Amino acid sequence: MANKGPAYGMSRDVQSKIEKKYDDELEDRLVEWIVAQCGSDVGRPERGRLGFQVWLKNGIVLSRLVNSLYPSGSKPVKIPDAPPTMVFKQMEQIAQFLKAAEDYGVVKTDIFQTVDLFEAKDMAAVQRTLMALGSLAVTKNDGNYHGDPNWFMKKAQEHKREFTESQLKEGKNIIGLQMGTNKGASQAGMSYGRPRQIIS
């Protein structure tokens, strides 16, 4: 983990493609949201992918973020008084954030792996997870989201419709357009073009 050397060949190509997916503009928006959601005492990272990674690496900022999305009585992640310094404690803190984000409603495919953040393997995946979390918070609209609602896309919501028994019976009398129709079918006005001309 810590004593990993530089990547060469195909591994290096793959890593550089992953790093190109990182969005600097999205980083600015996410930092603004996290500061608005958690308060200014979380600080701000240095600009860039590595600064963002160092800011989130110990899991404390992420834990405070997910806790702020819940009502004051139920905080899913326990935050230690002093930030963890041991590697496994930091990774455990990130794992607690990931579990809380999944419980909040973020789908598994949008959740990054602990190593993606801790070793800066895929910071674009970290951004995707935070975007999904922000979108859910805006969609829920339960008063726990702070910040500009335009920073995130609202997710589609279910719109149930109720029909009475008489409305359902009326629907059985209508032939759907998928079945086709013969209304107005005739050969009037049909032309097949000019007959073939044979010129000698």
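1. Start with Asn-67. With a relative accessibility of 7%, Asn-67 counts as buried, because the cut-off for that class is under 20% relative accessible area. The residue sits in helix H4. Setting aside residues up to four places away in sequence, Asn-67 touches Lys-75, Pro-76, Val-77 and Ile-79. The model is predicted, and every remark below applies to that model.

2. Arg-64 is also found in helix H4. Buried or partly exposed? Arg-64 is partly exposed, at a relative accessible area of 26%. Residues up to four places away in sequence aside, Arg-64 touches Cys-38, Asp-41, Val-42 and Ile-79. Take Val-42 from that list. Arg-64 and Val-42 are 22 residues apart in sequence, and their C-alpha atoms are 8.8 Å apart in space. Ile-79 is a contact of Arg-64, and Ile-79 is a contact of Asn-67 as well.

3. Now the overall fold. The protein chain has eight helices and zero strands. Read from the N terminus, the order of elements is α-α-α-α-α-α-α-α. The chain holds 200 residues, of which 34% count as buried. Consider the contacts between residues at least 6 apart in sequence: 54% of them join residues at least 24 apart.

4. The largest nonpolar core comes next. It has 43 residues. Which of them touch the most other members? They are Ile-34, Phe-52, Leu-56, Phe-97, Phe-112, Leu-130 and Leu-133. At least two core residues come from each of H2 (24–38), H3 (49–56), H4 (60–68), H5 (87–104), H6 (114–118) and H7 (123–140). H7 gives the largest share, 10 residues.

5. Look at how H3 packs on H7. Their axes are 11 Å apart, and the angle is about 60 degrees. That makes H3 oblique to H7. The crossing of the two helices is left-handed. On the H3 side the contact is made by Arg-49, Phe-52, Gln-53 and Leu-56. On the H7 side it is made by Met-123, Val-126, Gln-127 and Leu-130. By class, the residues of this contact divide into five nonpolar, two polar and one charged. Phe-52, Leu-56 and Leu-130 are in this contact, and they are also among the core residues that touch the most other members.

6. Not counting residues up to four places away in sequence, Gln-127 touches Tyr-22, Asp-23, Leu-26, Glu-27, Leu-30 and Phe-52. Phe-52 is one of the H3 residues in the contact with H7.

7. What does Phe-112 touch, not counting residues up to four places away in sequence? The contacts are Leu-62, Ile-94, Phe-97, Leu-98, Leu-117, Ala-125, Val-126 and Thr-129. Phe-97 and Phe-112 are both among the core members that touch the most others. Val-126 also takes part in the contact between H3 and H7.

8. Finally, Leu-98. This residue lies in helix H5. At 9% relative accessibility, Leu-98 counts as buried. Leaving aside neighbours within four places in sequence, Leu-98 is in contact with Ile-111, Phe-112, Gln-113 and Thr-114. How many residues apart along the chain are Leu-98 and Phe-112? They are 14 residues apart, with 7.9 Å between their C-alpha atoms.

Definitions and conventions:
Residues are numbered from 1 along each chain as its sequence is written. This is a predicted model: local features need pLDDT of at least 70, side-chain atom pairs count only at pLDDT 80 or more; totals for chains, interfaces and linings use all residues. Side-chain values use heavy atoms; hydrogens and water are left out. A nonpolar core is a set of buried Ala, Val, Leu, Ile, Met, Phe, Trp, Tyr and Cys residues joined through side-chain atoms within 4.5 Å. Buried means under 20% relative accessible area, exposed over 50%, partly exposed in between (1.4 Å probe, protein chains only). Helices (H or I, at least four residues) and strands (E, at least two) are DSSP runs, numbered from the N terminus. Contact means heavy atoms within 4.5 Å. Axes are lines fitted to C-alpha atoms, for helices over the stretch in contact, and angles run from 0 to 180 degrees between N-to-C directions. Angles under 35 degrees count as roughly parallel, over 145 as roughly antiparallel, 65 to 115 as roughly perpendicular and the rest as oblique. A crossing is left-handed if the near helix is turned anticlockwise from the far one by less than a right angle, and right-handed if clockwise. Ala, Val, Leu, Ile, Met, Phe, Trp, Tyr, Cys and Pro count as nonpolar, Asp, Glu, Lys and Arg as charged, and the others, Gly among them, as polar.
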